[in-house]
Amino acid sequence: MKKNHTSTAWLTWGIMLVGANLRLPITMIPPLLPTIKQTLGIPASMAGMLTTIPLLMFALASPLIAKMGNRRGNEWSLLVALVILLAGSLLRIIPSLTALIAGTLLIGFGISCGNVLLPAIIKDQFPHAIGAKTSLYTVTMGLIASLGTGLSGLLNQQFNMQITLAAFSLVGVFGLLVWALAFRTLPKKAARQDVQRKNIAVSRSMLAWWIALFFGLQSFLYYSLLTWLPSLWQAAGFSQIAAGNLATIFQLSGMPATLSIPFIAEKRHGLLYSVWGIMLGFVLGALGILIPGANFGLNVVYALLMGVASGAAFAICIVFFQKKTADAYETASLSGFAQSVGYLFAAVGPVLYGFIQTATGSWDLLLWLTVGLTLLMFVAGLIINANHRIFPSKANR
């Protein structure tokens with residue numbers, strides 16, 4: 001299948017703008033939580049569900065999305081998902097708890113589609129530029145997500161919550177319009193090529209389970225650390241502002257790793273070196289924070305180490321989806337399976353870390369748990385690297 005220059009350009013812009021929508025609707029919410037609680041009169045526990053609901057939707061919807069993509073076509077399925085995501089974003093503008101919850105559910109489904117289908121679309125449409133296109137969408141995703149966290153509070157102060165939500169929904173509008181134009185430029189055969197493909201039972205592959213475990217552990221660590229590191233640093237004696245700055249460094253420092261890992265993975269032993277680097281980043285960062293009396297500068301280093309490891313771990317999961325499968329059909333199925341298992345596990349992480357800290361009163365225990373889970377993820381990464389594909393031969397299908 002050959003694409004013309006116009007189709008390639010629109011697909012590239014579409015991949016970037018779809019990536020821009022895959023974390024922004026979630027990361028823009030935390031700074032708005034005080035306003036949401038005050039405006040809608042809801043308790044803190046209900047407000048906290050606004051970040052948990054999307055994770056649960058990722059877990060529940062991912063297998064269904066993979067099936068839809070394999071039956072109806074990945075590109076078409078993503079177009080429908082962007083319509084649903086935009087509808088959810090617009091629904092959240094309405095100052096109503098029902099609209100807010102319904103909108104968040106729709107957003108969770110829409111983001112799930114992008115998470116599952118984009119790696120498969122890249123593998124299918126750009127087989128000779130997988131690293132470049134994967135980096136394009138993952139870096140855009142991280143950058144826009146970080147900007148959303150920083151700007152949503154400022155916009156809310158200058159205007160109000162409804163205008164802030166409406167302004168960020170424009171990113172969804174642009175993503176939908178550009179992807180629709182990209183879809184129209186595809187040859188009819190390309191737009192429909194997945195329709196007759198049967199679903200692939202990746203759960204029969206032991207390697208698929210190892211990849212799901214790796215994805216689940218990196219998601220568990222990322223969301224747990226993102227939730228509790230600010231409180232941990234405050235308990236260690238840093239001010240609220242300093243702790244917030246360290247947490248921001250943790251989040252932003254993953255972007256260079258997210259950009260570089262798809263390219264490193266193409267090199268000889270690149271995947272193996274990446275797995276080792278991820279383990280060392282998490283372990284050295286967590287052990288460093290355990291050192292009592294450390295100053296702000298050292299904790300910047302520890303935040304950088306864990307942030308780079310976190311960004312690299314997410315990026316290498318996308319690489320696993322693409323390199324450990326034979327075609328776009330298997331990629332979509334593996335992506336859906338791993339994200340279903342992984343995000344269900346991740347949704348437990350922040351709650352479990354909070355429960356352990358409350359029950360024991362120890363922040364050190366959470367860091368030791370982080371080290372233990374990192375070592376388990378490291379073992380899973382070594383096993384994944386040692387295996388070629390989830391189905392070594394057609395006979396296994």
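## A buried ring and its partner

Phe 378 is buried, with a relative accessible area of 12%, where buried means under 20% relative accessible area, exposed means over 50%, and partly exposed lies in between (1.4 Å probe, protein chains only). This is a predicted model, in which local features need pLDDT of at least 70 and side-chain atom pairs count only at pLDDT 80 or more, while totals for chains, interfaces and linings use all residues. Residues are numbered from 1 along each chain as its sequence is written, and side-chain values use heavy atoms, with hydrogens and water left out.

The ring of Phe 378 pairs with that of Trp 276, and because their centres are 4.7 Å apart and their planes at 70°, the pair is edge-to-face. Rings of Phe, Tyr and Trp (its six-membered ring) pair if their centres lie within 6.5 Å, and planes under 30 degrees apart count as stacked, over 60 as edge-to-face and the rest as tilted. This pair links distant parts of the chain, since Trp 276 belongs to helix α13 (residues 270-290) and Phe 378 to helix α16 (residues 364-386), 102 residues apart; helices (H or I, at least four residues) and strands (E, at least two) are DSSP runs, numbered from the N terminus. Trp 276, at 41% relative accessibility, counts as partly exposed.

## Other aromatic rings

The structure holds 12 aromatic pairs. In one of them, the rings of Phe 238 and Phe 296 have centres 6.1 Å apart and planes at 70°, so this pair is edge-to-face. Phe 238 counts as buried at 16% relative accessibility, whereas Phe 296 counts as partly exposed at 35%. Ring pairs also link Phe 58, Phe 215, Phe 321 and Tyr 343 into a cluster.

## The nonpolar cores

A nonpolar core is a set of buried Ala, Val, Leu, Ile, Met, Phe, Trp, Tyr and Cys residues joined through side-chain atoms within 4.5 Å. The largest one has 102 residues, and those with the most contacts inside it are Trp 179, Ile 211, Phe 214, Trp 233 and Tyr 343. A second, separate core of 13 residues includes Leu 32, Leu 33, Leu 100 and Phe 168.

## A charge over a ring

The charged end of Arg 23 sits over the ring of Tyr 222, 5.0 Å from its centre, and Lys 133 lies over the face of Phe 126, at 4.7 Å from the ring centre. A charge sits over a ring if NZ of Lys or CZ of Arg is within 6 Å of the ring centre and within 35 degrees of the ring normal.
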